[in-house]
Amino acid sequence: MNKYMKEAIEEAFRGMRSNDGGPFGAVIVKDGEIIAVGHNEVLKTNDPTAHAEIVAIRKATSKLGRFDLSDCEIYSTCEPCPMCYSAIHWAKMKTLYYGATRYDAADIDFDDQYIYDVILGKTSKLQVKKEQMEHEECLRPFKEWAEKEDKVGY
């Protein structure tokens, strides 16, 4: 068994058995060394974004002192949800290894299909109402950012 996935699985058990959240674990590795380990902490923190991958990314960026994890890889016990998959992309990681699928997660009531359907425009029933407002005013910081000479791109 892959040693990094084994650690992710053990982390999933730790978090679940501590009642921190669902049965999910993640490990971030850089140059063969484990940089960060995380498990789902949604219940522990009352933070709906505290999924295993997000927790691990936050720990890794804090430890490395940078937001760019392009020289790291992530091992997740389950195919990431849309939020976590996006975070992995924002962190610029090049490789994601996962075990269980999103369909396996749906079988135990962790179903993200509705979110996929919303993203793809495949549902007419929307949970979140969207309404655009103050467009011109909200563009003001964008315009200043575009002209900012000391900005750091990401």
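This is a predicted model: local features need pLDDT of at least 70, side-chain atom pairs count only at pLDDT 80 or more; totals for chains, interfaces and linings use all residues.
Visitor: How many bridges join β1 to β3?
Guide: β1 pairs with β2 in the antiparallel sense over 6 bridges. β1 and β3 also run antiparallel, and in β3 the bridge partner of V29 is E73. The number of bridges joining β1 to β3 is 5.

Visitor: Which residue of β2 stands opposite V29?
Guide: β1 and β2 are antiparallel partners. In this pairing, A26 stands opposite G38 of β2. The residue of β2 opposite V29 is I34.

Visitor: Which residue in the hairpin of β1 and β2 takes a positive phi?
Guide: The hairpin has 2 residues between its strands. A phi near 50° is found there, and the residue that takes it is D31.

Visitor: Is β1 largely enclosed or exposed?
Guide: On one side of β1, G25, V27 and V29 are buried, and on the other A26, I28 and K30 are buried, so both faces are covered. Buried here means under 20% relative accessible area. Because 6 of the 6 residues of β1 are buried, the strand is largely enclosed.

Visitor: What span does helix α3 reach from its first C-alpha to its last?
Guide: α3 covers residues 52-64, which is 13 residues. At 1.5 Å a residue, the expected value is 18 Å, and the helix comes close to that. Just after α3, G65 takes a positive phi of about 70°. The span of α3 is 18 Å.

Visitor: Are α3 and α4 roughly parallel or roughly perpendicular to each other?
Guide: Their axes are 9 Å apart, and the packing angle is about 25°. The contact is made by E53, I54 and I57 of α3 with M83, C84, A87 and I88 of α4. The crossing is left-handed. Since angles under 35 degrees count as roughly parallel, α3 and α4 are therefore roughly parallel.

Key. Residues are numbered from 1 along each chain as its sequence is written. Side-chain values use heavy atoms; hydrogens and water are left out. Helices (H or I, at least four residues) and strands (E, at least two) are DSSP runs, numbered from the N terminus. The expected span of a helix is 1.5 Å times one less than its number of residues. Buried means under 20% relative accessible area, exposed over 50%, partly exposed in between (1.4 Å probe, protein chains only). Two strands pair if DSSP finds at least two bridges between them. Axes are lines fitted to C-alpha atoms, for helices over the stretch in contact, and angles run from 0 to 180 degrees between N-to-C directions. Angles under 35 degrees count as roughly parallel, over 145 as roughly antiparallel, 65 to 115 as roughly perpendicular and the rest as oblique. A crossing is left-handed if the near helix is turned anticlockwise from the far one by less than a right angle, and right-handed if clockwise. Contact means heavy atoms within 4.5 Å.
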